[in-house]
Amino acid sequence: QHSPCLLHFSRFFHPFTMVFPESGTRTRVNGATLTQHTGCQVVLLGEVNQMDSSGKVLTVKASDGQSVQVILQQPAQEILEGLIEIHGVVEGRQVICQSYITFPLDDARNFDMQSYDQAVRLIHTVKDNPWKSD
């Protein structure tokens, strides 16, 4: 049985790989798979843990529980909290954010992060996986 938020989420976003005409394909990652994609465009879903006073640096708890630093190109014009999807390029243990999507706090509370992380891990373990863009 899927949670309503997972179904709501999947209606708007392909669950594994996203294609952006101007920038190519992005693979969904968690904290553990991040460094395998240095220099690549990725999608990182997690919860905002902290935002620095400049509004340009976030600490995001990835779907596997690891902390990932996210660098925004411009200071955020809003307080970022809850569930966030980061689209950007990996540099070491950081993601240089090109864009992000925030979700209502109620959706974040009801989102099944554990199942999402299982899906992310699966796309990185299945050989010749059509959802993996490497």
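A salt bridge is a side-chain nitrogen of Lys or Arg within 4 Å of a carboxyl oxygen of Asp or Glu. That term will be handy in a moment, but let us begin with the overall layout.

This is a predicted model, in which local features need pLDDT of at least 70 and side-chain atom pairs count only at pLDDT 80 or more, while totals for chains, interfaces and linings use all residues. Residues are numbered from 1 along each chain as its sequence is written, and side-chain values use heavy atoms, with hydrogens and water left out.

**The overall layout**

The protein has three helices and seven strands; these are DSSP runs numbered from the N terminus, with helices being H or I of at least four residues and strands being E of at least two. Of the 134 residues in the protein, 42% are buried. Here, buried means under 20% relative accessible area, exposed means over 50%, and partly exposed is in between (1.4 Å probe, protein chains only).

The protein exposes about 7,300 Å², and carbon and sulfur atoms supply 50% of that area. Accessible areas come from the Shrake-Rupley method with a 1.4 Å probe, and for residues only the protein chains shown count as cover. A contact means heavy atoms within 4.5 Å. Among contacts between residues at least 6 apart in sequence, 55% join residues at least 24 apart.

**The salt bridges**

| Salt bridge | N to O distance |
|---|---|
| Glu 85 and Arg 28 | 3.0 Å |
| Arg 109 and Asp 106 | 2.5 Å |
| Arg 121 and Asp 117 | 2.9 Å |

The pair of Glu 85 and Arg 28 links distant parts of the chain: Glu 85 belongs to strand β6 and Arg 28 to strand β2 (residues 24-29), 57 residues apart. Both Glu 85 and Arg 28 are buried.

Arg 109 and Asp 106 share helix α2 (residues 105-110), where they sit three residues apart, about one turn of the helix. Arg 109 counts as exposed because its relative accessibility is 58%. In helix α3 (residues 113-125), Arg 121 and Asp 117 are four residues apart, so about one helical turn separates them. Arg 121 is partly exposed, with a relative accessible area of 41%, whereas Asp 117 is buried at 6%.

Glu 85 has another partner: its side chain is joined to that of His 87 by a polar contact of 2.8 Å. A polar contact is a pair of N or O atoms within 3.5 Å; within protein, one must be able to donate a hydrogen and the other to accept it, and residues adjacent in sequence count only if both atoms are side-chain atoms. His 87 lies in strand β6 (residues 82-91) and is buried, at 2% relative accessibility.

**The aromatic pair**

Rings of Phe, Tyr and Trp (its six-membered ring) pair if their centres lie within 6.5 Å; planes under 30 degrees apart count as stacked, over 60 as edge-to-face and the rest as tilted. By this rule there is one aromatic pair. The ring centres of Phe 111 and Tyr 116 are 5.9 Å apart and their planes stand at 55°, so the pair is tilted. Phe 111 is buried at 9% relative accessibility, and Tyr 116 is buried at 5%.

**The end of strand β7**

Thr 102 is found in strand β7 (residues 94-102) and is partly exposed at 35% relative accessibility. Leaving aside residues up to four places away in sequence, Thr 102 touches Leu 80, Leu 83 and Ile 84.
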